[in-house]
Amino acid sequence: MENVMIMDHPLLQHKISKLRDINTGTNEFRKLVEEIGILMGYEALRDLPTEDVEVTTPIETCMTPMISGKKLAVIPVLRAGLGMVSSITTLVPSAKVGHIGLYRDPETHEPHEYYCKLPENIGERIAVVVDPMLATGGSAVAAVDFIKQRGGKNIKFMCIIAAPDGLERLHNAHPDVQIYVGHLDRCLNENAYIMPGLGDAGDRIFGTK
Ligand code: PRP
Ligand code: URA
């Protein structure tokens, strides 16, 4: 699928396996989510534009590449996406942060919006949406809809684990969005949880269950 990248780096796969483990506690879970986000962000930001700037080394003056004008916004889908914000701001400290609050109805599994605040001029920024889980795809499609309604054009979506249904739904709804997946899992269960997955990402990051 064009614009879909499923990652296979062994460091990433090792960390995702640790994340899945029911015995991984909140503290380690948070650290792993952040580290995985850094590894994924490194790849997802591979096409950031650079421009040559003049730098004086102890030896001579040279022209050398630095990240150029295009501004970045990282947009977590609340709650679980919050765990991946620091991954992107570690890589690009000047990134602005937007927030989209969505929760899934436990019966219908459809997303409900409760918050949306994006950086100004979102249309002039590269928007990196982060959410560890892409299950039915409802939340991801709604998040990208919000960003586009507010002028966003250049959008990337990063998730740690995806189900095939959700990946297909997001890609079909927004084929222009570049999607980065840490691991593509088997399927969804009757409660629309990813199998084998890692359980409820928000609860595991925030220790709420
Ligand atoms: C989780 C997850 C995604 C969504 C994925 O959030 O972080 O946002 O479910 O499911 P979908 O692809 O079927 O929409 P949840 O709604 O559980 O909210 P939380 O992060 O606040 O726990
Ligand atoms: N949200 C989660 O946190 N986990 C799943 O498996 C599906 C949706």
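**Labels and the values behind them**

Author: Gladly, and let me start with one helix: what covers the buried residues of H1 includes H2, E10, E11 and H6. Please keep in mind that this is a predicted model.

Reader: Which residues of H1 are the buried ones?

Author: In H1 they are Leu 12, Gln 13, Lys 15, Ile 16 and Leu 19. They lie on the same side of H1, because the arc they cover around the axis is only 165°. Pro 10 and His 14, on the other side of H1, are exposed.

Reader: What makes H1 and H2 roughly antiparallel?

Author: Their axes cross at roughly 155° and come within 10 Å. Angles over 145 degrees count as roughly antiparallel, and H1 and H2 therefore get that label. The handedness of this crossing is left-handed. On the H1 side the contact is made by Leu 11, Leu 12, Lys 15, Ile 16, Lys 18 and Leu 19. H2 contributes Glu 28, Phe 29, Leu 32, Val 33, Glu 35, Ile 36, Leu 39 and Met 40.

Reader: How does the reach of H2 compare with the expected value?

Author: H2 spans residues 26-44, which is 19 residues, and reaches 26 Å from its first C-alpha to its last. At 1.5 Å a residue, 27 Å is expected, and the reach of H2 is close to that.

Reader: Why are the buried residues of H2 said to be on the same side?

Author: The buried set is Phe 29, Leu 32, Val 33, Ile 36, Gly 37, Met 40, Gly 41, Glu 43 and Ala 44. Their arc around the axis is only 165°, which puts them on the same side of H2. Asn 27 and Tyr 42 are exposed on the other side of H2. As for partners, the buried residues of H2 pack against strand E1 (4-6), helix H1 (10-20), helix H3 (85-91), strand E10 (154-162), strand E11 (178-184) and helix H6 (201-206).

Reader: And what makes H4 roughly parallel to H5?

Author: Helix H4 (residues 138-149) and helix H5 (residues 164-173) pack at an angle of about 20°, with their axes 8 Å apart. Since angles under 35 degrees count as roughly parallel, that angle makes H4 roughly parallel to H5. H4 passes H5 in a right-handed crossing. The contact is made by Gly 138, Ala 140, Val 141 and Val 144 of H4, together with Arg 169, Leu 170 and Ala 173 of H5.

Reader: Let me turn to single residues. Why is Gly 98 counted as buried?

Author: Buried means under 20% relative accessible area. Gly 98 is at 0%, so Gly 98 counts as buried. Gly 98 sits in the loop between strand E5 (96-97) and strand E6 (99-104). Leaving aside residues up to four places away in sequence, Gly 98 touches Val 74, Ile 75, Pro 76, Lys 117, Leu 118 and Pro 119.

Reader: What about Pro 76, buried or exposed?

Author: Pro 76 has a relative accessible area of 0% and is therefore buried. Pro 76 is found in strand E4. Between Pro 76 and Gly 98 there are 22 residues in sequence, yet 7.0 Å in space, C-alpha to C-alpha. Beyond residues up to four places away in sequence, the contacts of Pro 76 include Gly 81, Leu 82, Val 85, Val 97, His 99, Ile 100 and Val 130.

How values were computed. Residues numbered from 1 in each chain as written. Chains lettered and ligands numbered in written order. Predicted model: local features only at pLDDT ≥ 70, side-chain atom pairs only at ≥ 80, totals over all residues. Heavy atoms only, no water. Helix = DSSP H or I, 4+ residues; strand = E, 2+ residues; numbered from the N terminus. Expected span 1.5 Å × (residues − 1). Buried < 20%, exposed > 50% of the residue type's maximum accessible area, 1.4 Å probe, protein only. Arc of directions from axis to C-beta. Contact = heavy atoms within 4.5 Å. Axes fitted to C-alpha atoms, helices over the stretch in contact; angles between N-to-C directions. Parallel < 35°, antiparallel > 145°, perpendicular 65-115°, else oblique. Left-handed = near helix turned anticlockwise from the far one by under 90°.
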